[in-house]
Amino acid sequence: MATSFHALRGHYASLLKQFASSPKDFAVLTSIPEHTPPAKTLFVLDSSFNPPTRAHLRIATSALRETLDPGSRLLLLLATQNADKPSKPASFEDRLAMMELFAHDLRSHLAASSPEGSGSTGDLPAVDICVTKKPYFVDKATAIETSGVYSSMLEQVHLTGYDTLIRIFNTKYYPPEHTLQPLASLFSKHRLRVTMRPGDEWGINEDQEEFLRALARGDREAEGGSREWAKKIQLVEGRKPTEPPVSSTRAREAIESAIEDLEWLVPERVRRYLLAETPFTPTEVPSTTGKI
């Protein structure tokens with residue numbers, strides 16, 4: 001298994017070099033399964049996947065189960081140039097290898113929890129492992145839309161956490177005017193499905209729901225935000241307040257100090273990769289900063 005993990009990492013290292021030297025801003029590196037019909041709905045999970053966790057699994061499975069559309073497709077997106085984060089500690093090829101393993105974990109999880117409980121993956125949504133050179137959220141959506149990979153008329157449903165929603169609406173990311181107007185092109189075609197994150201930093205669900213109510217009231221119009229955008233944002237329940245938080249940062253810390261916690265922090269194939277390939281070292285466990 002260690003040999004196959006090493007080969008998988010090398011495969012993505014080669015694909016990354018090809019992408020870096022190409023003029024493309026967006027590319028699909030792998031599709032699981034390889035041959036699938038065109039998508040009808042495109043869910044986009046954009047993250048640093050450093051590493052992929054059970055929180056990513058929950059966000060994706062919740063959206064896919066709610067839709068129950070055989071034409072759904074999940075796009076796992078990694079930005080090779082990030083607005084706020086460096087590429088360390090895990091290399092991009094390590095992250096992409098784990099994203100592919102995560103995709104298999106996700107499809108197995110969906111199959112096992114299907115109403116039939118058959119464990120079959122035949123009718124499950126396909127998963128694309130993708131990269132983009134665009135660091136900002138709005139530009140990523142445009143890169144996907146104009147890539148020619150999918151229909152340009154296809155609606156993108158971006159799966160985010162509440163913290164990412166706050167960053168999307170932070171005007172510092174939209175120079176030189178620093179208004180929210182660049183979001184108009186996003187919300188004219190696409191939607192956000194936002195998982196709430198109860199806790200000290202963001203407050204209870206009621207506090208997070210107030211963000212959407214304020215947008216709908218027109219409270220962000222002075223910054224260029226439209227109240228109509230609130231109709232394109234869906235807030236959904238996240239973990240229960242009594243459940244321990246799951247994050248990539250916590251998974252990296254577990255590698256250093258509580259390796260047994262990986263069992264509930266990351267999916268099984270990802271866990272095996274972390275133990276076999278050790279993409280993180282004890283001196284490379286930084287805190288996670290924001291991204292959009």
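**Entry 1: Arg167 and Asp163.** I looked up this pair and found that the side chains of Arg167 and Asp163 form a salt bridge at 3.4 Å, N to O. By salt bridge I mean a side-chain nitrogen of Lys or Arg within 4 Å of a carboxyl oxygen of Asp or Glu. The two residues lie four apart in helix H5 (residues 162-168), so about one helical turn separates them. Arg167 is buried at 16% relative accessible area, and Asp163 is buried at 13%. I use buried for under 20% relative accessible area, exposed for over 50% and partly exposed for values in between (1.4 Å probe, protein chains only). Helices (H or I, at least four residues) and strands (E, at least two) are DSSP runs, numbered from the N terminus.

**Entry 2: source of the values.** I note that this is a predicted model, in which local features need pLDDT of at least 70 and side-chain atom pairs count only at pLDDT 80 or more, while totals for chains, interfaces and linings use all residues. Residues are numbered from 1 along each chain as its sequence is written, and side-chain values use heavy atoms, with hydrogens and water left out.

**Entry 3: other salt bridges.** I recorded 20 salt bridges in the structure. Glu155 and Arg191 are joined by one of 3.0 Å, N to O. This pair links distant parts of the chain, 36 residues apart: Glu155 sits in the loop between helix H4 (137-145) and strand E5 (156-161), and Arg191 in strand E6 (residues 191-195). Glu155 is partly exposed at 28%, as is Arg191 at 27%. For Glu228 and Lys231 I noted a salt bridge of 2.9 Å, N to O. Glu228 is partly exposed at 43%, whereas Lys231 is exposed at 65%. I also found a salt-bridge network that links Glu206, Glu210, Arg213, Arg217 and Asp219.

**Entry 4: strand E4.** I examined strand E4 (residues 126-132), where seven of seven residues are buried. Ala126, Asp128, Cys130 and Thr132 point one way, and Val127, Ile129 and Val131 the other. In a regular strand the side chains alternate between the two faces of the sheet. Strands count as paired if DSSP finds at least two bridges between them. Strand E1 (residues 26-32) pairs with E4 in the antiparallel sense over six bridges, with Ser31 opposite Asp128. Strand E3 (residues 72-79) runs parallel to E4 and is joined to E4 by seven bridges; Leu76 has Ile129 as its bridge partner.

**Entry 5: helix H8.** In helix H8 (residues 248-257) I found Ser248, Thr249, Ala251, Arg252 and Ala254 to be buried. Their cover includes helix H2 (54-67) and helix H9 (262-265).

Notes: Contact means heavy atoms within 4.5 Å.
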